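Please find below a short note for a colleague who is opening this structure for the first time. The points can be read in any order.

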Amino acid sequence: MKLIIALFMLIVLIQYTESRNFGWFPQNLVDTFTNKTAQISNYVRTKGRSLKQFYVQNVRNRITSYFGSNSSSPERDDHIKYNRIKKGFGDYVGEAQEKNQTVFDAIAPEKIEYMCNDNDPSIQMTTPQLIASHGYVSESHTIVTEDGYILTVHRIPYSRNASSREVKRKTVLLHHGLLGSSADWIMAGPEKGLGYILSEAGYDVWLANVRGNTYSRAHITLNPDSFEFWNFTFHEVSQHDLPAVIDYIMEVKGWDVKINYIGHSMGTTILFALLSTKTHYNKVLRAGFALAPVAFMTDIRSPIRLLAKYSDNLEYLLKLLGANEFLPQNSVLRWLSKHSCEINHLEEAICENSLFILCGHDEKQFNRSLLPIILGHVPAGASTKTLVHYAQEIKNAGRFQQFDYGPEGNLKEYGSFEPPQYPLHKITLPIALFGSENDWLASDVDVTNLYVQLANPIDHYIVPLKSFNHIDFLWAIDAKKLVFDKLLQLLEEGVSKSHFDSDLSFNNI
């Protein structure tokens with residue numbers, strides 16, 4: 001507008017100096033303005049640029065380049081976009097601290113409303129009900145940990161059409177990741193769910209549930225609404241939950257049984273933490289199979305890295321994300337959703353779900369028909385302190401360590417100013433790692449770093465699909481072909497001969 005006014009005044013001044021009188025107004029002014037406008041338009045045309053092109057090159061392109069969407073380099077786009085998100089997130093956190101806010105409702109969009117087909121009764125079913133609905137026998141087992149948490153473990157003892165009801169000696173324990181539950185392994189149905197696939201392959205399948213999730217939200221003395229109940233991370237799970245589950249399975253099946261362990265994401269973290277601290281479990285288990293393994297976190301793309309900067313301020317992060325349970329739909333997550341997902345109409349429900357926000361989403365491999373049932377079971381619950389623990393892992397790049405309470409807290413808790421690292425060199429259990437190139441949380445760089453530190457590795461398998469991501473290990477359309485077939489092959493081939501006596505046959509365990 002200022003440019004137009006200046007141009008108008010310039011024309012008036014020129015006309016005035018030529019005429020030296022006011023007799024030209026208003027017709028002379030109109031003629032002069034028309035002529036000057038025509039001259040400008042002709043000038044633009046002679047330069048081979050239309051007015052639209054001028055707008056595109058001088059206005060629109062400047063705006064799009066600012067947001068990083070007009071660059072020739074996708075890597076540069078990602079870097080620019082991340083830096084702007086990081087700066088914006090930091091600004092909002094600072095503002096919240098000044099105002100003593102606990103959540104960021106002011107910066108978050110309203111809760112997204114989405115349409116899902118809720119006519120399918122399986123959406124409301126529990127894990128045992130889902131298993132039974134497909135014709136399998138399901139069991140629920142209650143286990144109490146030594147620190148008082150009451151866990152529920154689910155089981156598929158034999159295949160659907162088994163000729164004998166005798167439980168197989170081949171045993172596998174599946175452990176879900178952060179925000180997950182036993183339902184993760186069977187939601188995809190008999191043809192694609194790993195729990196069913198293993199059952200049909202002749203395994204006695206056990207499905208763990210971590211403390212605090214849908215099926216393990218109880219304690220013998222603590223109220224689930226209290227801070228004390230949620231005062232744990234994956235470390236406590238590795239020291240109490242997982243040993244209790246393993247010991248229980250052995251009590252049921254006999255102390256000579258060898259258990260194959262399959263974990264996803266946090267399910268792998270607790271395995272590494274267990275084996276490196278309570279080393280006798282290296283001889284109790286038969287082998288470990290880590291899908292999207294998380295130990296080192298130096299090269300991640302998940303929005304959780306935005307929280308790493310604030311991981312030292314435990315009190316504030318607990319206020320920000322939920323003092324006890326990690327809030328699955330608070331305003332911070334909605335903000336992350338808004339800025340981290342490439343949202344379109346069909347993906348609104350996915351991007352609003354905390355699991356997909358933190359772990360990513362592969363549009364081509366995602367089976368959209370599963371979305372209603374996934375949203376009905378995920379997130380299943382997790383402690384905020386666990387999320388903070390992972391944020392600390394990111395900030396302290398290259399260290400796979402216990403929870404950091406700060407120098408004073410560490411001195412009281414551990415007797416040192418820094419939290420102890422998990423001694424990975426003490427892990428002797430044969431372990432196979434399954435990674436992918438597009439994993440937001442378990443990058444190939446970090447998985448490779450983990451692999452070279454294992455004393456008895458079986459394999460480092462990289463999924464032969466570049467777009468395959470963290471969640472695809474559970475529900476990808478082609479998960480069976482890309483992951484599960486290889487997993488079954490390694491299970492059947494056995495493990496390193498050095499781990500067992502030469503006369504111990506896999507068919508006997």
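**Notes on selected residues and salt bridges**

1. Leaving aside residues up to four places away in sequence, Thr277 touches Gln239 and Tyr422. Thr277 belongs to helix α8, which spans residues 266–277. Keep in mind throughout that this is a predicted model.

2. The side chain of Thr277 also reaches the backbone oxygen of Ala273, at 2.6 Å. Thr277 is partly exposed, with a relative accessible area of 33%. The C-alpha atoms of Thr277 and Leu424 are separated by 8.9 Å, although the two residues are 147 residues apart along the chain.

3. Is His264 buried or exposed? His264 is buried, because its relative accessible area is 3% and the cut-off for buried is under 20%. His264 sits in strand β5, residues 259–264. Not counting residues up to four places away in sequence, His264 touches His175, His176, Gly177, Trp185, Leu291, Ala292, His470, Phe473 and Leu474.

4. Helix α11 covers residues 314–321, and Tyr316, Leu317, Leu318, Leu320 and Leu321 are buried in it. An α-helix has 3.6 residues a turn, so residues three or four places apart point the same way. After α11 comes Gly322, which has a positive phi near 120°.

5. How many salt bridges does the structure hold? The structure holds 13 salt bridges. Side chains of opposite charge can pair when their charged atoms come close. Three of these bridges are described in the next points.

6. Arg155 and Glu139 form a salt bridge through their side chains, at 3.1 Å from N to O. This pair links distant parts of the chain: Arg155 is in strand β2 (residues 150–156) and Glu139 is in strand β1 (residues 139–144), 16 residues apart. Arg155 counts as buried at 6% relative accessibility, whereas Glu139 is partly exposed, with a relative accessible area of 26%.

7. In the salt bridge between Arg217 and Glu325, the closest N and O atoms are 3.1 Å apart. Arg217 lies in the loop between β4 and α7, and Glu325 in the loop between α11 and α12, so the pair ties together parts that are 108 residues apart in sequence. Arg217 is partly exposed at 33% relative accessibility, and Glu325 is partly exposed with a relative accessible area of 24%.

8. Asp485 and Lys480 meet in a salt bridge at 3.0 Å, N to O. Asp485 counts as partly exposed at 35% relative accessibility, and Lys480 is partly exposed with a relative accessible area of 34%. Elsewhere, salt bridges that share partners join Glu139, Arg155, Asp204 and Lys253 into one network.

Conventions: Residues are numbered from 1 along each chain as its sequence is written. This is a predicted model: local features need pLDDT of at least 70, side-chain atom pairs count only at pLDDT 80 or more; totals for chains, interfaces and linings use all residues. Side-chain values use heavy atoms; hydrogens and water are left out. Helices (H or I, at least four residues) and strands (E, at least two) are DSSP runs, numbered from the N terminus. Buried means under 20% relative accessible area, exposed over 50%, partly exposed in between (1.4 Å probe, protein chains only). Contact means heavy atoms within 4.5 Å. A polar contact is a pair of N or O atoms within 3.5 Å; within protein, one must be able to donate a hydrogen and the other to accept it, and residues adjacent in sequence count only if both atoms are side-chain atoms. A salt bridge is a side-chain nitrogen of Lys or Arg within 4 Å of a carboxyl oxygen of Asp or Glu.
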